[in-house]
Amino acid sequence: MSFFDNPIDPPKLTNGWINNETNHGSGIEIPIFYPATGQQVSVLVEDTGDDVDKAVMSARQTFDKSNWSKLSTEKRIEILEDCRQIILDNADELARLECLATGLILREIKGFHIQRAAYNFRFFAQYISQAHGERFDNTEGYLTLVNREPAGVVGLIAPWNAPLALATMKIAAAIAFGNCAVLKPSEQTPFSLSKLVSLLKDILPPGVLNLINGRGSVTGSQLVAHPGIDRISFTGGTVTGRQVMMEAGKQLTPCTMELGGKSANIIFASADYERALDGALIGIYSNNGQQCLAGSRILVEDRIFDKFVNSFIERTKNITVGDPLKNETEIGPIASKQHMERILSFANTAEKDGDEILVGGKKASDHKNGYFIEPTAVLAKSNNSKTCQEEIFGPFASFLSFKSEEEAINLANDTEFGLVSYVWSDHMPTIMKVSNAMRSGVVWINTPMMRELRAPFGGFGNSGVGREGGYSCEQFYTEEKTVSIPKSPLTLKGFGR
Ligand code: NDP
């Protein structure tokens with residue numbers, strides 16, 4: 001089966017959506033490729049200055065002039081639930097479009113990404129149904145209320161590695177708290193989000209959710225610099241995140257930055273061996289290896305190091321790399337040719353740095369035109385190797401051994417990043433000591449990855465600024481307003497009586 005045998009054709013031309021109408025961009029045409037075959041499947045028309053301005057002004061107009069930001073909670077919950085339902089009703093088409101641009105495995109898109117995208121709307125519907133405010137009573141006869149008001153027009157910049165799952169977290173949070181939004185997907189992966197916005201136009205009033213397409217350096221940076229934007233929520237690489245934040249800083253636009261990682265997956269001899277092995281494989285190879293929370297530095301206690309590494313190599317050799325449409329596929333193609341080449345360049349870097357390639361390191365030879373690489377693991381010479389310090393963002397693991405809890409902690413924290421850490425042990429004192437010492441926003445114990453949406457998600461250091469999650473999103477997507485009222489009329493002695 002291929003996409004071209006399927007009734008859902010890829011869109012010939014991908015346009016933006018402004019004010020619930022399709023917008024034909026005024027910029028260059030950018031080809032979009034299917035990563036599994038390297039074939040061009042569509043053309044995206046870039047939105048530039050005037051389009052960006054039109055999208056922001058549409059959101060601004062709706063925010064300032066309509067009753068959107070003042071809807072009752074009941075109505076907003078209904079809208080969020082409708083958004084969830086429309087995703088589920090169109091799951092098959094959305095999943096295929098997601099696969100077409102990203103090369104993610106269709107089975108995983110249907111099983112996880114679509115479900116998460118739909119759930120993001122339900123999650124925020126449930127969240128706002130329970131939201132409560134702060135009040136301070138009886139301070140010198142005053143009642144003080146802390147109101148939360150929508151922030152305004154928010155710019156949402158989404159990456160290519162999981163467009164639907166990641167962008168819907170931003171969209172659902174933005175509209176749950178009464179904002180209007182301008183979304184810019186990655187120019188490589190526009191299909192699923194463009195389809196989603198075209199579906200949501202039947203639910204959301206014009207101007208609430210607008211979508212612009214184009215390169216980050218053009219469309220994205222124009223969005224960030226636009227004076228009509230009140231918040232920027234960004235997920236992507238650290239280098240780009242820094243640029244976005246510097247640009248946003250010129251206008252004091254608050255940002256959340258969900259950035260890269262080089263997360264330690266620490267495996268103690270006291271761990272359940274098979275579970276830790278499965279966890280290490282899932283931690284680095286899921287989502288075709290392209291995820292910020294990957295456990296890409298696998299630190300293993302020296303007592304079990306050789307055995308564990310050998311088991312990992314054996315399992316890696318058994319992995320089915322191939323067609324993302326096939327059920328049995330475990331790793332599909334890398335999202336773009338350029339990114340595939342970048343990942344492969346780390347195999348050369350590894351050799352130069354004195355790392356030993358244990359498995360993989362090459363383009364997968366069975367797939368000439370697609371962007372497939374062999375799942376790869378290296379034995380790092382030290383934690384200073386580039387493979388241990390730079391985010392590779394692919395199915396590429398680095399192994400290091402440690403002798404003691406202290407050494408594991410030092411290695412894990414010896415990085416510019418601090419997104420997540422994984423700890424595998426059945427020894428409670430070890431779990432407590434190591435998890436407390438981790439300099440990362442999230443610590444997962446004896447589990448590959450577990451995203452609790454009510455809890456904050458984000459990183460220390462160069463892994464980010466701010467957090468995403470229930471209360472974190474409420475704080476980010478709203479402005480706080482303090483209102484103080486005397487409980488009975490005051491007797492004032494003003495000036496100049
Ligand atoms: P980027 O950080 O460049 O892209 C993320 C998003 O930001 C995309 O929508 C991109 O648009 C947009 N963007 C790029 N430049 C700007 C800008 N100046 N202003 C506003 N928006 C911008 O990721 P890359 O694709 O370059 O990947 C580089 C590395 O980043 C990866 O190898 C990986 O290490 C990391 N990464 C981390 C992600 C995460 O989940 N934390 C997600 C993606 C990447 P466009 O793609 O259209 O240029």
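**View 1. The largest pocket of the predicted model has a volume of about 1,200 Å³.** A pocket here is an open set of points, on a 1 Å grid over the protein atoms alone, where a 1.4 Å probe fits, with protein on both sides within 12 Å along at least five of seven lines; the volume is the space filled by probe spheres set on the points, which are joined across faces, edges and corners. The model is a predicted one, in which local features need pLDDT of at least 70 and side-chain atom pairs count only at pLDDT 80 or more, while totals for chains, interfaces and linings use all residues. Residues are numbered from 1 along each chain as its sequence is written, and side-chain values use heavy atoms, without hydrogens and water.

**View 2. The lining of the largest pocket comprises 41 residues.** Lining residues have an atom within 4 Å of a point, and Trp160, Phe234, Gly236, Gly237 and Thr240 lie nearest the centre of this pocket. Two or more lining residues come from each of α7 (216-225), β11 (231-235), α8 (238-249) and α11 (337-353), with the largest share, 7 residues, supplied by α8; helices (H or I, at least four residues) and strands (E, at least two) are DSSP runs, numbered from the N terminus.

**View 3. The second largest pocket holds about 530 Å³ of space.** Of the 24 residues that line the second largest pocket, Phe112, Asn287, Gln291, Leu293 and Met449 lie nearest its centre. Both α4 (106-130) and α5 (163-176) supply at least two lining residues, and α4 gives the most, with 5 residues.
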